[in-house]
Amino acid sequence: MNKTDHAPETTTLKIKAFFESAPPLKDATEIETKLKEFVDRNSSSGNGKANRVVCVTSGGTTVPLEKRCVRYIDNFSSGHRGSASTEYFLKAGYSVIFLYRRGTCQPFCRSLPDDPLLECFTSTDDLSIQVDPSHAEVVKRAIAENRSAVNGGFLLKLPFTTIFEYLQILRMIAVSLRSLGPSAMFYLAAAVSDFYVPWESMTMHKIQSGSGPLDMRLAQVPKMLYVLRNEWAPVAFCISFKLETDTDILLGKADMALKKYKMHMVVANELQTRKEEVIVVTEQEKITVRRDTTQPGADVEDPLIKLVVDRHSAYINA
Ligand code: PMT
């Protein structure tokens, strides 16, 4: 990568090219309607002030290799970070737009077994199904907390699969949250593809394996952090994540992202230890946040979201 790759005009052109070539979202109108209702509801709470709204992104984006997609490249993310963070943001009084990869971990479902339908329920006779008593408490809590957040208008869930869907929906969210000014926050925990096959150069049908090894050139996905901060939502509080497997380069890369994309915070995490600790990098400091190991089941997201909320408050007051 050379220096000119990051010149704003080049980035803007690449971003334009990305969106122009992306297949249009099938449910764009429905998403727009849901977003409008959600933002309107949160624009003025009881005290006449806007609610704080955070867009939490979660899970990995895919890169299809064929238009009628059989094969794709995937990015690792279970969705645990995003779903746990969503629960703590809701607890802190935020309204949350949860932009998540289909099939990944959901808020309030983290204590359920892997296959809840088969493991939590028993069939008593031909007609009735009951919750197995050993799971009754967690199932009841998950249903109640999810219903209260969704029906109360505090949680909007929007799914994506491909990088094309993810970035188009993220842009729609950013533009619709502009009216909330500094009360809006982006917490970008999704694992976003860095390379993709442009739609116009993608083969329609399944790639055939008979013709030997596959030789494929991938284009670079432009970093959307740049355009998010500069154009889509310039006043929102923005937190990006930096994932590395090599701890020696992690903090350097997080620092670079903070400066290059003008993030308010970058959460640096290493793959193996990501559930134990993260390092929050800001302009002034680097803060290590750890899970409370004296409490069974404690999450690192608990102290992390407290810190984020604290800094967001300072940002709004400033
Ligand atoms: O889901 P879990 O299993 O709990 O794991 C959580 C996590 C490790 C996935 C999460 O904590 C995390 O680190 N997410 C970010 C992973 C990632 O994509 O890192 P990155 O270094 O490739 O990208 C850094 C930032 O740039 C990200 O905030 C991403 O939103 C952004 N990005 C990336 C690519 C791109 N083309 N445009 C972007 O804006």
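The model is predicted: local features need pLDDT of at least 70, side-chain atom pairs count only at pLDDT 80 or more, and totals for chains, interfaces and linings use all residues. Residues are numbered from 1 along each chain as its sequence is written. Helices (H or I, at least four residues) and strands (E, at least two) are DSSP runs, numbered from the N terminus.

**Around the ligand**

- The ligand is surrounded by 21 residues, and the closest are Ser78, His80, Arg81, Ser240 and Leu243. A residue is near a molecule if its C-beta atom, placed from the backbone, lies within 6 Å of it.
- β11 gives the most, with four residues.
- By type, the shell has ten nonpolar, six polar and five charged residues. Ala, Val, Leu, Ile, Met, Phe, Trp, Tyr, Cys and Pro count as nonpolar, Asp, Glu, Lys and Arg as charged, and the others, Gly among them, as polar.

**The nonpolar core**

- In soluble globular proteins, nonpolar side chains tend to be buried together.
- Here, the largest nonpolar core has 68 residues. Such a core is a set of buried Ala, Val, Leu, Ile, Met, Phe, Trp, Tyr and Cys residues joined through C-beta atoms within 7 Å.
- A residue is buried if 20 or more other C-beta atoms lie within 10 Å of its own, exposed if 12 or fewer, and partly exposed in between, with C-beta atoms placed from the backbone.
- Ile97, Leu99, Leu177 and Phe186 have the most contacts inside the core.
- Helix α6 (residues 163-177) supplies the largest share of this core, nine residues.
- Leaving aside neighbours within four places in sequence, Phe186 is in contact with Cys55, Leu228, Ala233, Ala236, Cys238 and Ile239. Contact means that two C-beta atoms, placed from the backbone, lie within 7 Å.

**Helix α3**

- α3 has twelve residues and spans 17 Å from its first C-alpha to its last, close to the expected 16 Å. The expected span is 1.5 Å times one less than the number of residues.
- Ten of the twelve residues are buried, so α3 counts as mostly covered.
- The buried residues of α3 pack against β1 (53-58), β4 (95-101), α5, β7 (155-160), β8 (184-188) and α9 (301-317).
- Gly93 follows α3 and has a positive phi, near 95°.

**Strand β8**

- β8 pairs with β1 in the parallel sense over five bridges. Two strands pair if DSSP finds at least two bridges between them.
- Thr57 stands opposite Leu188 in β8.
- β8 also pairs with β11 in the parallel sense, over four bridges. There, Met185 has Phe237 in β11 as its bridge partner.

- Phe108 is not a glycine, but has a positive phi of about 70°. Phe108 lies in the loop between β4 and α4 (116-120). Phe108 is buried because 21 other C-beta atoms lie within 10 Å.
- Lys262 is not a glycine either, and its phi is positive, about 55°. Lys262 sits in the loop between α8 (247-260) and β12 (265-270). With 15 other C-beta atoms within 10 Å, Lys262 is partly exposed.
- Ala136 lies in helix α5 (residues 136-151). Ala136 counts as exposed because it has 12 C-beta neighbours inside 10 Å.
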